[in-house]
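Here is a short note for a colleague who is opening this structure for the first time. Please read the points with the model in view.

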Amino acid sequence: MIGIILAGHGQFAKELLKSAQMIMGKQDNMVAFTLEPDDDPFLLKDRIYEECKKNDLGDGVIVLVDLMGGSPGNAAAYVAMEGYPVITGVNLPMLLELIAMRNLDIEEAVSHIIITARESIDDLRILLRG
């Protein structure tokens, strides 16, 4: 089972986790980290690294962050250099898809969730007009 680590600004990651669990049920090997204005991003880096090691049960861990170039993403960049996939721009469709694919090959899952996230953005006015 692929481990999942979420990191984002404010309560974003924890609320995203709650939303995903509302739909998919409680999940094992899945952790969410917040970064509040007074938090030290260097401590977040260490926490993400420790959770990657802890949640890697042999199938790998994917780290999902909210924003490319933001402090949570920069903290996660250290584990990317260790070989863990770090995917930016996490959204709920991406996370739900990853939860559904946790037993697949990690590289296949990475490719698939990026496509899912991109395809989940649309203008409903255009879709509803047919």
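1. Four strands make an open sheet, ordered S2-S1-S3-S4, with parallel pairing. Strands S2 (30-35) and S4 (86-87) are at the edges with a single partner strand each, so one side of each has no neighbour in the sheet. Keep in mind that this is a predicted model.

2. Look at the pairings next. S1 and S2 pair in parallel over six bridges. Within that pairing, Leu6 stands opposite Ala32 of S2.

3. Met30, Ala32 and Thr34 point one way from the strand. Val31, Phe33 and Leu35 point the other way.

4. Helix H3 (residues 71-80) lies across strand S1 (3-9) and also across S2, S3 and S4. Its direction is at about 160° to S3.

5. Now turn to Ile48, in helix H2 (residues 41-55). Its relative accessible area is 0%, so Ile48 counts as buried. Which residues does Ile48 touch, leaving aside its neighbours within four places in sequence? The contacts are Ile5, Ala7, Phe33, Val63, Pro72, Ala75, Ala76 and Val79. Ala75 is 27 residues from Ile48 along the chain, yet their C-alpha atoms are separated by 7.7 Å.

6. How many salt bridges does the structure hold? There are three. Side chains of opposite charge can pair when their charged atoms come close. In one of the bridges, Lys18 meets Glu15 at 3.3 Å, N to O. Both lie in helix H1, three residues apart, which is about one turn of the helix. Glu15 is partly exposed, at 39% relative accessibility.

7. Another salt bridge joins the side chains of Asp46 and Lys45, at 3.7 Å from N to O. Asp46 is partly exposed at 35% relative accessible area. Lys45 is also partly exposed, at 22%.

8. Arg125 forms a salt bridge with Asp123, and their closest N and O atoms are 2.7 Å apart. Arg125 is exposed, with 56% relative accessible area. Asp123 is partly exposed, with 23%.

9. Finally, check the surface. Met22, Ile23 and Met24 make a nonpolar patch of about 330 Å². Ile23 belongs to helix H1 (residues 12-24).

Conventions: Residues numbered from 1 in each chain as written. Predicted model: local features only at pLDDT ≥ 70, side-chain atom pairs only at ≥ 80, totals over all residues. Heavy atoms only, no water. Helix = DSSP H or I, 4+ residues; strand = E, 2+ residues; numbered from the N terminus. Buried < 20%, exposed > 50% of the residue type's maximum accessible area, 1.4 Å probe, protein only. Contact = heavy atoms within 4.5 Å. Patch = residues over 30% accessible without salt bridge, like charges linked within 9 Å, V, L, I, M, F, W, Y side chains within 5 Å. Areas by Shrake-Rupley, 256 points an atom, 1.4 Å probe, with all protein chains shown as cover. Salt bridge = Lys/Arg side-chain N within 4 Å of Asp/Glu carboxyl O. Pairing = 2+ DSSP bridges. Axes fitted to C-alpha atoms, helices over the stretch in contact; angles between N-to-C directions.
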